[in-house]
Amino acid sequence: MGNKGEKTKEKIRQAAYLLFAQKGFKAVTMTDICERTGLSRGGLYRYYSGTEQIFSEILSEEYVIADRIERQESAKTILEDMLEAIRHEIMDKELSLSLAIYEYANLGNEEFFTNINDRAKKRWINLLNYGIETKEFKAVDTEQISDLILYYYQGLRMWSRVISFDEQAAEHYVKSVRQLLFRE
C-alpha cells in the first residue's frame with residue numbers, strides 16, 4: 001500500500017477512535033465512519049472490512065519504545081514521554097476507549113486482549129530493564145512493577161468513564177511511577 005493509502009487508513013483510524021470513544025464499540029457503524037471521514041462506503045471498504053477490523057487495528061497500535069532504546073535515548077526521557085501521554089489520557093475521558101474495549105472483549109475476543117496485554121507488559125519490562133541497565137532507574141522487580149504500572153493505569157482509564165478525576169489523580173499516578181523508579 002502506498003503512502004496515500006497509509007494516510008487514508010490513519011485518517012480512518014483517527015476518526016473511528018473518536019467515534020468508539022464517544023459511543024462504545026457496538027453503536028459505531030461503518031456509515032458513521034464514512035460520515036466522519038467523508039469517504040464513500042466503497043472507499044472505506046477498500047481499506048477495512050468492518051468496524052471490528054478497524055477497532056482491532058486501533059487497539060494493536062503500540063507506543064514504540066524499542067527503537068528509542070536502540071538509539072540509546074535516555075530511559076528517563078522515554079518514561080517521562082510515556083507518563084505525559086498517560087496523564088493526558090487519564091484526564092480526557094472523551095478519548096477513553098474503556099467502554100468500547102469492554103464491549104469488544106465481551107464478544108469473545110479474550111485472546112486478542114491477552115496478546116495486547118502481554119505486548120504492553122513486555123514493553124514496560126523492556127523499558128524498566130533498560131533504565132536499570134543505564135542506572136537511571138532503581139533496581140526493581142520489573143515484572144511486578146510493570147504489572148503495577150499497567151493495571152493502575154488501566155484502572156484509572158476505566159474509571160474515568162464513570163467519574164471525573166481532577167488533575168491530582170493523574171498526578172498521583174505519574175508521581176507514584178517516578179517514586180518507584182527514579183533514584184533520589
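Which residues of H9 are buried? Bear in mind that this is a predicted model. The buried ones are Thr142, Ile145, Ser146, Ile149, Leu150, Tyr153, Leu156 and Arg157. Around the axis they cover an arc of only 130 degrees, so they sit on the same side of H9. The face turned away from that buried side carries Gln144 and Trp159, which are exposed.

As for what the buried residues pack against, the partners are helix H1 (3-23), helix H6 (75-91), helix H7 (98-105), H8 and helix H10 (167-181).

Now the geometry of the helix. H9 runs over residues 142-159, which is 18 residues, and at 1.5 Å a residue it should span 26 Å. Its end C-alpha atoms are 26 Å apart, so the two values agree.

Next, H8, residues 110-133, where lysine 121 is found. Is lysine 121 buried or exposed? Its relative accessible area is 15%, and the cut-off for buried is under 20%, so lysine 121 counts as buried. Leaving out residues up to four places away in sequence, lysine 121 touches Glu143, Ser146, Asp147 and Leu150.

Last, the largest pocket. It holds about 1,200 Å³ of space. Of its 32 lining residues, the closest to the centre are Leu59, Glu61, Glu89, Arg123 and Tyr153. Two or more lining residues come from each of H1, helix H4 (51-60), H6, H7, H8 and H9. H8 gives the most, with 7 residues.

Notes:
Residues are numbered from 1 along each chain as its sequence is written. This is a predicted model: local features need pLDDT of at least 70, side-chain atom pairs count only at pLDDT 80 or more; totals for chains, interfaces and linings use all residues. Side-chain values use heavy atoms; hydrogens and water are left out. Helices (H or I, at least four residues) and strands (E, at least two) are DSSP runs, numbered from the N terminus. Buried means under 20% relative accessible area, exposed over 50%, partly exposed in between (1.4 Å probe, protein chains only). Contact means heavy atoms within 4.5 Å. The expected span of a helix is 1.5 Å times one less than its number of residues. The arc is that of the directions from the helix axis to the C-beta atoms. On a 1 Å grid over the protein atoms alone, a cavity is a set of points where a 1.4 Å probe fits but cannot get out, and a pocket is an open set with protein on both sides within 12 Å along at least five of seven lines; lining residues have an atom within 4 Å of a point. Grid points are joined across faces, edges and corners, and a volume is the space filled by probe spheres set on the points.
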